[in-house]
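The questions below ask how the labels given to a structure follow from their definitions. Each answer sets a value against a cut-off.

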Amino acid sequence: MIDETRYSIDELVDFAEGSELERFMKKFSTRMQLYSGGIKEIRTKLEILDEEFKSKFSYNPIHNIESRLKTVPSIMQKIKAKGLEVSIDSITENITDIAGIRVICNYIDDIYRVAEMLTAQHDITVLQMRDYIKNPKPSGYKSLHLIVEVPVFLSTGPVPMPVEIQIRTIAMDFWASLEHKLKYKTNNAVDDDLHERLKKCAEEISVLDYEMQDIHAAINLRNKT
Ligand code: 0O2
């Protein structure tokens, strides 16, 4: 899993902080396969729920699903930034977003509907839930964040794996994606006035989200009567 060609041996040895390199890499690679399994499990669950919803109510709550496995440099950066030991055990214990899934919904209500349907499943354990929709981040960022544990079945039995799920609307995703790129391009040093403008955009987008949801509900009601 580790792309050794991109790093000097010194860097990899430094990453593994004294643990025997080959052993570290083998263990790391096995662990990454498990995270990848976690993504597949959750993705399948979400797809099944979306299809079931569509067949019952002729409507898909999920617009699209994206997933990613955190890159090795990004994991190393995060564990070092937290000032923690660089070891498999420390990474396993402290980095909970190695397996990440982003669920883009059409409307705000769909976010909570999807979260509820998923977390009600008996093999899912919710480790953490952060509602940045009800309590947006100072930047204006909105999203529902869950960290769940899902069993990945190996020949030796199930292994519970943590997966971070970010659920948000198309509008919230539009803002978060552009804001992330803008901050990344400027090395996170966004001037105060630009920060305020970005925050204002997030608020305006939120008004649109609620308005679109109201229109959707009104149309549904009209179609039923
Ligand atoms: P990436 O590359 O997206 O994965 P923790 O992960 O718990 O150590 P934190 O910040 O307490 O860190 O977790 P939080 O806030 O629940 O979620 C972090 C993730 O949310 C980020 O991942 C981003 O994806 C997203 N996020 C949080 N705040 C913002 C924001 O202001 N703007 C945007 N665009 N995204 C945000 P990473 O690890 O930073 O990066």
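**Labels and their grounds**

Q: What share of the contacts in the protein with a separation of 6 or more is between residues 24 or more positions apart?
A: Such residues account for 66% of those contacts, where a contact means heavy atoms within 4.5 Å. The model is predicted, and local features need pLDDT of at least 70, side-chain atom pairs count only at pLDDT 80 or more, and totals for chains, interfaces and linings use all residues. Residues are numbered from 1 along each chain as its sequence is written, and side-chain values use heavy atoms, with hydrogens and water left out.

Q: How many helices and strands does the secondary structure of the protein have, and in what order do the elements run?
A: There are seven helices and five strands, in the order α-α-β-α-α-β-α-β-β-β-α-α from the N terminus. Helices (H or I, at least four residues) and strands (E, at least two) are DSSP runs, numbered from the N terminus.

Q: Why is Thr169 called buried?
A: Its relative accessible area is 0%. Buried means under 20% relative accessible area, exposed means over 50%, and partly exposed lies in between (1.4 Å probe, protein chains only). Thr169 therefore counts as buried. Thr169 lies in strand 5 (residues 157-169). Leaving aside neighbours within four places in sequence, its contacts are Ile104, Cys105, Asn106, Tyr107, Ile108, Ile111 and Asp209.

Q: What part of the 225 residues in the protein is buried?
A: Buried residues make up 41% of the 225. The accessible surface of the protein comes to about 13400 Å², with 54% belonging to carbon and sulfur atoms. These areas come from the Shrake-Rupley method with a 1.4 Å probe; for residues, only the protein chains shown count as cover.

Q: What makes the pair Asp97 and Lys70 a salt bridge?
A: The N to O distance between their side chains is 3.2 Å. The definition asks for a side-chain nitrogen of Lys or Arg within 4 Å of a carboxyl oxygen of Asp or Glu, so the pair qualifies. The pair links distant parts of the chain, 27 residues apart: Asp97 is in the loop between helix 4 (88-94) and strand 2 (99-105), and Lys70 is in the loop between strand 1 (62-69) and helix 3 (72-81). The structure holds 12 salt bridges.

Q: Are Asp97 and Lys70 buried or exposed?
A: Asp97 counts as buried because its relative accessibility is 7%. Lys70 is also buried, with a relative accessible area of 11%.

Q: How do you know whether the salt-bridge partners Lys134 and Asp131 are buried or exposed?
A: The closest N and O atoms of this pair are 3.4 Å apart. Lys134 has a relative accessible area of 60%, so Lys134 is exposed. Asp131, at 17%, counts as buried.

Q: Why are Lys200 and Glu204 called partly exposed?
A: Lys200 has 48% relative accessibility and so counts as partly exposed. Glu204 is partly exposed because its relative accessible area is 43%. Salt bridges that share partners join Arg68, Lys70, Lys78 and Asp97 into one network.

Q: Where do Lys200 and Glu204 lie, and what joins their side chains?
A: Both are in helix 7, four residues apart, about one turn of the helix.

Q: Which residues form the negative surface patch?
A: The patch is formed by Asp191, Asp192, Asp193, Glu196 and Glu203. Patches are made of residues with over 30% relative accessible area and no salt bridge: like charges are joined within 9 Å, nonpolar side chains (Val, Leu, Ile, Met, Phe, Trp, Tyr) within 5 Å. Lys and Arg count as positive and Asp and Glu as negative; His and the chain ends are not counted. The place of a charge is NZ of Lys, CZ of Arg, CG of Asp or CD of Glu.

Q: Why does Asp192 count as exposed?
A: Asp192 has 65% relative accessibility, so it is exposed. Asp192 lies in helix 7 (residues 192-224).

Q: Which residues make the nonpolar surface patch?
A: Phe174, Leu178 and Leu182 make this patch of about 290 Å². Phe174 is in helix 6 (residues 170-185).
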